[in-house]
Amino acid sequence: MPNGKITGIGFYVPDNVVTNDDLAKIIDTSDEWIRERSGIEQRRYFVKGVDTVSSMAGHASKMALERANLDAQEIDCIILATITPNYTLPGSAVLLQRELGLCGKSVPSFDIRQSCSGFIYGLAMANDFIRSGSYKNIMVVGSEIQSTFLEMTDEHRNTAVLFADGSGAVVVQANEEDDMGILSTHLHSDGTYAENLMVEYPRSHNRKEDMSNGVMGLNMDGRLVFKHALQKFPAVINEALEANGNSISDLDMLIPHQANLRIAQAVQRILEIPDEKVHNNIMKYGNTTAASIPIALNEAWELGKVKEGDLICLAAFGSGFTWGSCLMKWAY
Ligand code: COA
């Protein structure tokens, strides 16, 4: 059975640029603190009346389709990773299907909610669908509008400065060449610390009360998340390499989920990966959760840092906790 490969990649970020200084006018923080602790310099927030999770996903998907030289009508499955769907119900993948003019085709489209690991989970599912022969041309997207659940108060300043909005998409198709495309994917979860990084409201078991409350209840134990990220990122990167008989020195590019530049740098140090083999862009976009890996991969590819035949590792860790990796030989 052929494995999957990425044949088109695209991204979209809203026009609204929000700098650290902009945030410092609203909450008790500073450009210096944010840069030092997270690396973030600016981020994008959606434009009301212009951007939705599905419209942003639509823009990113159309760019990916064009680059894959594929007509939208040929897409036979849509996987949308998001923790911030347009509506509670239905999921946003059907809205993306509508954006792509695919409603008449009744292809399957579904949301997945694996937060920062969502894109890797989606890619893994797409690869397995391709390998099993179920679908041939799969759109995998990460899209988030998180600025609406951020609480812009001093009490929540640790999260207010981190999260942001954006979208990234890839087309996954069957790879006919041996040893190219997606080599393996590795998915994990552990619910022990579910409440240590969560958006609590609305809760299905107390919805009425939650709705009058008016807040989303974003809670993050930053230090605990940091500590676990430093264990899980290296482990899941090594897992992918070992599964394919590779070592760190074989790696051409690591694209880590853009959670915090300090996490990415620490992982890089632990694994002894040189600077030119890691791509980070959290400085420009903040943490866009499910969208961060495809946005960063897109940028690395546009910059010529991801080339035919390169060994690329995508790795994520986030709420749940969930974590995962994907090792691929780039064959665009
Ligand atoms: N601006 C200024 N000060 C801030 C601040 C902000 N935005 N956020 C927190 N602080 C303050 C705290 O109030 C605290 O002050 P105190 O010492 O007077 O009590 C101090 O900074 C240290 O707070 P702490 O939360 O311990 O900071 P930290 O060094 O752990 O850094 C994070 C905070 C959020 C940057 C860091 O924990 C982190 O990035 N963790 C991982 C989070 C993550 O990646 N989440 C997404 C996972 S997908």
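Biologist: Leaving aside neighbours within four places in sequence, which residues is V225 in contact with?
Modeller: V225 is in contact with N196, L197 and M220 once those neighbours are set aside. Please keep in mind that this is a predicted model.

Biologist: Where is V225 placed?
Modeller: V225 belongs to helix α8, which covers residues 222–243.

Biologist: Is V225 buried or exposed?
Modeller: V225 is buried, because 21 other C-beta atoms lie within 10 Å, and the cut-off for a buried residue is 20 or more.

Biologist: And how far apart in space are V225 and A259?
Modeller: Their C-alpha atoms are 10.0 Å apart, while in sequence the two residues are 34 residues apart.

Biologist: Let us change topic. Which domains does the domain assignment give?
Modeller: The assignment gives domain 1, residues 3–175, and domain 2, residues 181–329. The centres of domain 1 and domain 2, taken over C-alpha atoms, are separated by 14 Å.

Biologist: How many residues does the contact take from each domain?
Modeller: Domain 1 gives 49 residues to the contact and domain 2 gives 42 residues.

Biologist: On the side of domain 1 that touches domain 2, which elements give two or more residues?
Modeller: They include the strands β1 (4–12) and β3 (42–45), and the helices α2 (31–38) and α5 (118–132). The largest share comes from α5, with 7 residues.

Biologist: What is that side like by class?
Modeller: The side of domain 1 that touches domain 2 has 22 polar, 19 nonpolar and 8 charged residues.

Key. Residues are numbered from 1 along each chain as its sequence is written. This is a predicted model: local features need pLDDT of at least 70, side-chain atom pairs count only at pLDDT 80 or more; totals for chains, interfaces and linings use all residues. Helices (H or I, at least four residues) and strands (E, at least two) are DSSP runs, numbered from the N terminus. A residue is buried if 20 or more other C-beta atoms lie within 10 Å of its own, exposed if 12 or fewer, and partly exposed in between; C-beta atoms are placed from the backbone. Two residues are in contact if their C-beta atoms, placed from the backbone, lie within 7 Å. Domain bounds come from an automatic or database domain assignment. Ala, Val, Leu, Ile, Met, Phe, Trp, Tyr, Cys and Pro count as nonpolar, Asp, Glu, Lys and Arg as charged, and the others, Gly among them, as polar.
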